[in-house]
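Good morning, colleagues. Please turn to the sequence and the structure that I am about to show, and keep both in view while I speak.

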Amino acid sequence: MTLQTTAARTPTAETPPAAARKRSLFAACSAHAVHDGLTDVVYVLLPLWQSQFAISYAMVGMLRGSYSGVMAGCQLLAGRLARRWGRKALLVGGTALAGSAYLLASQAGHVGWLLLALVLGGLGASTQHPLASSLVAESYEDSGKVKQALSNYNFAGDIGKTLIPGLLGLLLVVASWEVGTALVGLLGLAAALLLWRLIPADTGQAAAGKKSGPQRSGSGKGLWALLGTGTIDSAVRMGFLTFLPFLLQGKGAGTAATGVALSLLFVGGAFGKLLCGYLGARIGMMKTVWVTEATTALCIVLAIWLPLTWLMSLLPLLGLAINGTSSVLYGAVPELAEAGKRDQAFARFYTGTIGAGALAPILFGRLGDLTSIPSALQILAGLLLLTLPLSWCVQRAIERNAAALGGGPGQ
């Protein structure tokens, strides 16, 4: 056996063994599930807080917006701090802070304490998306399975969104909101301990130190095109979710039917994230985005005109398409990020997409007031078609990077 063959089969720090990769993926998936669950559990608690503290709907919106707004706004800061303190320390600390915030909320005697707790929770949650995503990308970059791993990571977030708020809702049947909120906080602290044990100690510093090597040609323009694609996709998704209950009511759906419809949409969306990540790895990012976004635009238009029964049957497919695109876009971030700047690239991407998702209901709600729900939905479907040329620009940048690094052309 030649020396070269022996070296090729010897595991190094640059190529993590399969067990280490799976451990990192499990850590990132656990972080995503817990953090997304902690983020969406606020929806369950808001009606109880409104009753407890006699607050207005405007204050209800402020409470919800304080968590998501701080989370979106501080992600770039989290990416920068990870270069100084290490990804492990920041991700574990952020998870512990998010859990501690719910413990603080469980002891709140007035709405001011709740607001402070949710701001702290959003600050802790801001570490998860950029750092856990880059942990997965770094662990799998030498295996050729980054996109599949990121699709599993995104699917885990939907599991957390489904399980944690649902379990809390069941718990609140027999317990007070203070007890339920405290248990949510303890879950966050337990997740932080789990991450401390699972994430390798050098994760983050090693990535930050990888500043040498060939530069990626066109990464800047490609990342901006990717950010534009993700921003439009997120805005349309959240805008559609804002209008869907009203569209259903206009077709004669009651409260129970609306709940079933949303469940059908979310179930399709969860599997869409998993499926489209694998599809993107096989036919390429651009082709997958064109399929999912065109399908989403067509389904939105059909949803306007179809009767209620047909619309209900369409919702799983619509959920698969409208949510699945995000997995493909996440998978393109590592292909465009410059050496040593993956955390910042993910942070920038998540800041744009989450920020767009937060603003979209306000902007498109105003659009619905000025026009009508069917007209607003048609505008949403048309806006989505802008992602097609943007994704072409992203694919061109990926192909240029592959050529600059000595690989073959992208798919």
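This is a predicted model: local features need pLDDT of at least 70, side-chain atom pairs count only at pLDDT 80 or more; totals for chains, interfaces and linings use all residues.

Beyond its neighbours within four places in sequence, V136 is in contact with L25, A28, A149, L150 and Y153. Both V136 and Y153 are among the residues that touch the most other members of the largest nonpolar core, along with L45, W49, Y102, L226 and M285. That core comprises 75 residues, and helix α2 contributes the largest share of them, 13 residues. There is also a second, separate core of 31 residues, including F240, A253, I300 and L377.

Not counting residues up to four places away in sequence, G160 touches A33, G37 and P165. Between G160 and L38 there are 8.3 Å in space, C-alpha to C-alpha, although the two are 122 residues apart in sequence.

Finally, the largest pocket. Its space amounts to about 1,600 Å³. Which residues lie nearest its centre? They are D40, Y43, K161, M238 and L241, from a lining of 48 residues. At least two lining residues are supplied by each of α2, α3, α8, α11, α12, α14 and α15. Of these, α11, which spans 219–250, provides the largest share, 9 residues.

Note on methods. Residues are numbered from 1 along each chain as its sequence is written. Side-chain values use heavy atoms; hydrogens and water are left out. On a 1 Å grid over the protein atoms alone, a cavity is a set of points where a 1.4 Å probe fits but cannot get out, and a pocket is an open set with protein on both sides within 12 Å along at least five of seven lines; lining residues have an atom within 4 Å of a point. Grid points are joined across faces, edges and corners, and a volume is the space filled by probe spheres set on the points. Helices (H or I, at least four residues) and strands (E, at least two) are DSSP runs, numbered from the N terminus. A nonpolar core is a set of buried Ala, Val, Leu, Ile, Met, Phe, Trp, Tyr and Cys residues joined through side-chain atoms within 4.5 Å. Buried means under 20% relative accessible area, exposed over 50%, partly exposed in between (1.4 Å probe, protein chains only). Contact means heavy atoms within 4.5 Å.
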